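Here is a short tour to read alongside the model. Please keep the sequence and the 3D view open as you go.

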Amino acid sequence: MDIRHYTVALNVDPVQQSIDGYTEIDLKLIAPSNVILLDLWHGLTVRQVYVNGKKESFTHTEDDLLTITGSKPFATAKNIKVKVEYGGLPGVAVKPPWTGGFQWSKDEHGNPWIAVTCQSEGAKIYFPCKDHPSDEPNEGADMIITVPKGLSVAAPGLLKKVTNSKTTSTWHWKTNYTISNYCIVFNVGKYTKITRSYTSVDGNKIPMEFYVLEEHADKGQHELEILERTCHVLEKYFGEYPWAKEKIGLAETPHLGMEHQSMIAYGNKFKYTKVGGEDFDWLLTHEFGHEWWANKVTNKDWAHMWIQEGICSFGDALYTRELEGEQSYLKRMQQTARNVQNVKPMVQGDEIDSDQVYQGDIYGKGAFFMHSLRFVLGDSIFFPTLKKLATDSKYTYDNFVTSDDVEKLFSAASGKDLKPFFDFHLRTTNKLEIDVKQVKEDQYKITLLNFDGTLPIEIVADGKMTKRDIDKTGITVTSKAWPQIDPNVYYLKKVILE
Ligand SMILES: [Zn+2]
């Protein structure tokens with residue numbers, strides 16, 4: 001089954017904390033079947049299911065499966081339109097954005113302020129879908145959300161229209177881009193829209209829109225200035241902003257934040273530090289980086305989620321490099337190395353669920369791995385290849401990536417077999433063990449103990465730094481004192497002095 005499009009049309013009632021309406025799913029079957037399986041949280045009540053306009057029978061069970069059985073097999077030739085009418089009380093977020101669901105919050109003036117997050121739970125918590133990262137709706141999604149009059153709805157894509165009744169407003173948002181299920185969400189609040197125009201690296205004018213709470217309207221323009229600077233840096237390394245035909249979007253949320261495509265959830269309360277003398281909002285930069293790493297380049301299975309979080313976090317460090325230079329970037333990566341936990345490998349299999357994969361190392365160790373790879377390959381190969389990963393159609397939009405895809409791309413670009421290097425860092429918790437042994441008064445033998453292959457390593461001997469290729473057979477250096485190994489910290493390592 002291949003999902004082509006979703007339309008999520010819901011009435012949202014902040015008083016009852018309920019939703020009610022329908023979802024339409026356009027899909028293709030690759031083989032004829034009279035059964036269609038969808039995921040939908042069992043706490044919601046399905047009233048009726050139609051397939052191509054015809055009522056069909058269904059079961060909706062405790063295991064969150066909606067099983068639709070047709071009276072005869074559904075054809076494979078063209079799109080099948082499934083309409084599910086449903087409603088009820090959606091799951092409430094326990095600890096958003098990490099443990100998601102609906103967050104029925106209020107702003108300082110008591111107005112409803114509603115956010116939906118479901119990165120780990122999946123969009124099935126509130127609409128019927130095929131809940132796996134490997135099947136995005138290739139033709140995009142429509143969201144038609146009705147709220148009490150006076151509130152605004154912020155969602156992915158472009159706003160098509162707002163229809164008002166006496167007591168309600170219906171906001172129709174539409175994206176034509178492929179989109180992850182957990183990004184098909186909306187935010188509701190007493191918002192003001194702050195706008196700005198962005199000119200992309202390819203010269204396209206892209207509208208910037210910030211749906212900020214009215215009470216914070218005065219902070220909106222400055223936040224967009226920061227976002228504009230961030231976008232210029234990320235475009236330099238990763239290519240043009242991925243949703244240039246629609247918008248750069250930001251919505252203020254009662255939770256910390258999430259990478260919702262073309263409508264980033266922002267809840268860092270306008271707290272800044274300084275990078276390069278400019279206001280820096282770490283949360284904004286990180287979530288916005290996910291427009292490339294997660295939303296445009298998407299892992300095929302949760303098992304490879306380090307690609308989204310690790311490379312995105314590496315992008316955060318590149319922002320520092322761009323504004324403050326290489327030394328600041330190195331310092332940042334040294335701090336990252338100190339925080340690596342190495343309890344579980346970043347990749348623990350090929351198909352595992354999101355809870356199993358989620359751990360701190362997919363961020364920091366993932367970023368540090370890119371830093372090591374950069375050192376091994378050199379900038380002239382590393383940066384263009386990283387940009388290729390973010391821009392080549394093979395890896396982006398409708399296509400998905402695994403750790404093997406990333407390894408093969410960098411191996412091909414460098415002419416080196418990087419599989420041992422990738423496996424060592426992604427699939428084990430080992431650190432490189434580097435043995436230094438004094439063999440004469442002024443001679444030291446340096447050997448790589450636990451890695452099959454050669455790695456370039458910086459060595460300082462007699463105050464002079466050299467970059468040497470080292471493997472299990474080792475090299476000998478002359479030095480009056482013990483040589484320093486990898487002083488800039490390009491590797492996670494253990495140095496053994498004998
Ligand atoms: Zn992230």
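Glu 24 and Lys 81 form a salt bridge (a side-chain nitrogen of Lys or Arg within 4 Å of a carboxyl oxygen of Asp or Glu), and their closest N and O atoms are 3.7 Å apart. The pair joins distant parts of the chain, with Glu 24 in strand E2 (residues 18-28) and Lys 81 in strand E7 (residues 80-88), 57 residues apart. Helices (H or I, at least four residues) and strands (E, at least two) are DSSP runs, numbered from the N terminus.

Please note that this is a predicted model, in which local features need pLDDT of at least 70 and side-chain atom pairs count only at pLDDT 80 or more, while totals for chains, interfaces and linings use all residues. Residues are numbered from 1 along each chain as its sequence is written, and side-chain values use heavy atoms, with hydrogens and water left out.

**Salt bridges**

- The count of salt bridges comes to 24.
- Glu 24 is buried at a relative accessible area of 18%, whereas Lys 81 is partly exposed at 38%; buried means under 20% relative accessible area, exposed over 50%, and partly exposed in between (1.4 Å probe, protein chains only).
- Lys 81 also forms a salt bridge with Asp 26, where the closest N and O atoms are 3.0 Å apart.
- Because Lys 81 lies in strand E7 and Asp 26 in strand E2, this pair ties together parts that are 55 residues apart in sequence.
- Asp 26 has 12% relative accessibility and therefore counts as buried.
- Glu 326 forms a salt bridge with Arg 374, with 3.1 Å between the closest N and O atoms.
- That pair links distant parts of the chain, 48 residues apart: Glu 326 is in helix H4 (residues 326-338) and Arg 374 in helix H6 (residues 364-377).
- Glu 326 is partly exposed, with a relative accessible area of 27%, while Arg 374 is buried, with 7%.
- A network of salt bridges links Arg 321, Glu 326, Arg 374 and Asp 379.

- His 290 lies in the loop between helix H2 (282-289) and strand E22 (298-299), and Glu 309 in helix H3 (residues 306-324), so the pair ties together parts that are 19 residues apart in sequence.
- His 290 and Glu 309 are both buried.

**Nonpolar cores**

- A nonpolar core is a set of buried Ala, Val, Leu, Ile, Met, Phe, Trp, Tyr and Cys residues joined through side-chain atoms within 4.5 Å.
- The largest nonpolar core has 92 residues, and those with the most contacts inside it are Trp 293, Trp 306, Met 370 and Phe 410.
- Apart from this core lies another, of 59 residues, including Leu 44, Val 116, Leu 151 and Ala 251.
- Leaving aside neighbours within four places in sequence, Trp 306 is in contact (heavy atoms within 4.5 Å) with residues including Ile 311, Met 346, Phe 369, Met 370 and Leu 426.
- Leu 386 is in helix H7 (residues 379-391) and counts as buried at 1% relative accessibility.
- Not counting residues up to four places away in sequence, Leu 386 touches Phe 238, Trp 293, Ile 311, Phe 314, Met 370 and Phe 410.
- In helix H9 (residues 419-427), Phe 421, Phe 422, Phe 424, His 425 and Leu 426 are buried.
- The buried residues of H9 pack against H3, H6, helix H8 (403-414), strand E24 (432-440) and strand E26 (455-461).

**A buried loop residue**

- Glu 136 is found in the loop between strand E9 (112-117) and strand E10 (141-148).
- Buried or exposed? Glu 136 is buried, with a relative accessible area of 4%.
- Setting aside residues up to four places away in sequence, Glu 136 touches Ile 3, Thr 178, Ile 179, Ser 180, Thr 298, Tyr 397 and Phe 400.
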